[in-house]
Amino acid sequence: MLALQSVGKNYMGEQPVTAVKDFSLELEEGKSLAIIGRSGSGKSTLLGMIGGISRPTSGHVLIDGVDQWQLDDTRRADLRNQKIGFVFQFASLLPSLRAVDNVALPCLISGKISASEAYARARALLDRVGLSHRHDSFPGQLSGGEQRRVAIARALVNSPRLLLADEPTADLDETTESEILNLLIDIHRALNVTLVVVTHNPEIAARADQIIEMRGGETVSKKAGSSAQITGDAIESVNNLYEVSSEKAANEKVRLGEGVEAFVGRFVMWIVPICVIAWCINWAVADYERTEIQAKAQRKMALEELAMQGLRADLKSVEFGEGKSYVVTLYLRNTKGDEPLYVMSPLVRGFVQVGTSWLEVPMKSLETGNSQVLKVTGTKLLRYEMVPDVPDFTQLLPYYMHVRLTNDMLISPRSQPKDDLVERNDSYYVYLKPHGADDKAILSKMKFPGKPPVWIPMPPH
Ligand code: ADP
Ligand code: MG
């Protein structure tokens with residue numbers, strides 16, 4: 001189904017980066033692959049090349065034997081629409097549409113089936129992901145986990161044969177995360193969809209057929225997962241979701257058509273012409289709304305690509321500050337060349353692990369001129385002061401604090417966005433050496449080439 005042959009990707013720019021090196025892989029139809037590895041190891045880049053979003057610098061990506069990067073843009077977009085479903089790292093639902101509209105969208109856009117069939121499919125998939133009571137809710141009314149379930153249903157609505165998920169649970173709490181990842185694996189098994197998932201969760205990775213660990217753009221280890229038993233959820237029959245019967249589809253009412261039938265029933269005789277007019281208006285409005293929805297969805301997709309590809313955000317350094325404080329430096333890098341990107345009020349928060357929970361610690365921006373909208377061309381550094389003064393922190397690594405930083409941003413190509421705004425939530429994890437820690441004691445437990453570092457970056461988890 002999927003074959004990568006010596007795929008490589010270099011990013012040019014001030015400092016050229018080799019994100020993926022000479023990567024080869026084969027994945028059979030219906031199998032699953034988990035990719036693990038720390039931040040910056042090339043996982044997203046790899047997924048982007050598989051998914052037809054980011055062009056490899058070398059090598060081939062074959063899907064069912066077709067080298068997708070040899071196709072022209074239109075044919076590649078078609079292939080992507082028909083065969084590939086994406087679940088992104090960040091919430092990417094349209095806030096002004098109900099859950100069911102969000103799920104039906106990719107079908108409405110591809111236009112291969114009727115709107116009523118698309119809605120029937122969307123409803124069946126929402127039921128499948130455990131949201132039978134949430135069809136008509138708007139994204140803002142749903143929890144993070146529920147939003148992720150909607151995104152999974154949406155990724156499945158065009159019956160893709162390959163499902164790509166890039167850290168789909170990065171911003172969720174542990175329990176919800178496991179639920180969502182298990183759901184992904186169950187669905188992959190039940191529907192026989194080939195799955196590639198980037199995750200840091202080792203238990204979930206072990207449920208995949210293959211696990212690859214990446215470092216510096218290369219595979220450092222490859223092993224078979226346990227392919228453990230299918231959980232209860234998936235054993236329940238799936239009723240072939242992809243073939244919603246036409247009867248069911250016919251019963252499905254598209255919102256705008258409601259009401260017209262009842263009206264006709266009551267005033268059959270003389271009201272017919274009025275009905276015809278009403279129907280025409282109804283049809284025109286529905287058609288207008290559909291075109292609007294499609295245009296919106298296309299803009300949203302372009303934005304998602306921009307947020308995923310156009311902006312790099314990561315930790316640059318953490319240094320000791322005054323007293324018990326630390327100075328945390330983040331960078332934002334616009335990789336789109338000359339076109340500026342606007343990042344609205346990034347909200348950066350810090351947490352220290354205590355027991356099994358995260359305790360929020362004081363964090364404040366050190367930037368002057370407190371502008372709400374940052375114009376990013378090239379690289380922008382943002383500095384924060386963090387005071388993680390927590391006495392009884394958990395020591396996963398002897399003496400070190402386990403710290404999580406979250407960064408919530410709204411990104412737009414315009415300084416005064418209207419609906420061209422996309423949300424992104426990043427998490428960074430580090431081990432942090434406490435102020436006044438005894439370097440000798442640390443060195444007696446762990447080896448470092450020199451002095452124990454102030455911070456050690458970790459893969460996301
Ligand atoms: P991961 O998903 O494992 O965190 P990525 O694929 O996002 O890793 O990144 C791999 C490397 O490529 C990193 O060093 C990153 O900084 C770099 N990189 C990723 N995307 C771009 C880009 N659009 N422009 C320049 N460098 C990039
Ligand atoms: Mg990534």
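Guide: Let's start with serine 6, which has a relative accessibility of 35% and so counts as partly exposed. Before you ask, this is a predicted model, where local features need pLDDT of at least 70, side-chain atom pairs count only at pLDDT 80 or more, and totals for chains, interfaces and linings use all residues. Residues are numbered from 1 along each chain as its sequence is written, chains are lettered from A and ligands numbered from 1 in the order in which they are written, and side-chain values use heavy atoms, with hydrogens and water left out.

Visitor: Why is serine 6 called partly exposed?
Guide: Buried means under 20% relative accessible area, exposed means over 50%, and partly exposed is what lies in between (1.4 Å probe, protein chains only). Serine 6 has 35%, so partly exposed is the label. This serine sits in strand S1, residues 2–11; strands here are DSSP runs of E with at least two residues, helices are runs of H or I with at least four, and both are numbered from the N terminus. Its phi is positive, near 45°, and serine 6 is not a glycine.

Visitor: What makes the pair of threonine 169 and glutamate 177 a polar contact?
Guide: A polar contact is a pair of N or O atoms within 3.5 Å; within protein, one must be able to donate a hydrogen and the other to accept it, and residues adjacent in sequence count only if both atoms are side-chain atoms. The two side chains come to 3.1 Å, so the pair qualifies.

Visitor: How do you know that S12 and S17 pair?
Guide: Two strands pair if DSSP finds at least two bridges between them. Eight bridges join S12 (residues 326–334) to S17, so they pair, and they run antiparallel. One bridge sets arginine 333 against threonine 379 in S17. Strand S15 (residues 363–365) also pairs with S17 in the antiparallel sense, over three bridges, and serine 365 stands opposite tyrosine 384.

Visitor: Which residues come nearest to ligand 1?
Guide: Gly40, Gly42, Lys43, Ser44 and Thr45, out of 14 residues around ligand 1; a residue is near if one of its heavy atoms lies within 4 Å. A polar side-chain atom of lysine 43 is 2.8 Å from an oxygen atom of ligand 1, and one of arginine 312 is 3.1 Å from an oxygen atom of ligand 1. Helix H1 gives the most to this shell, with three residues.
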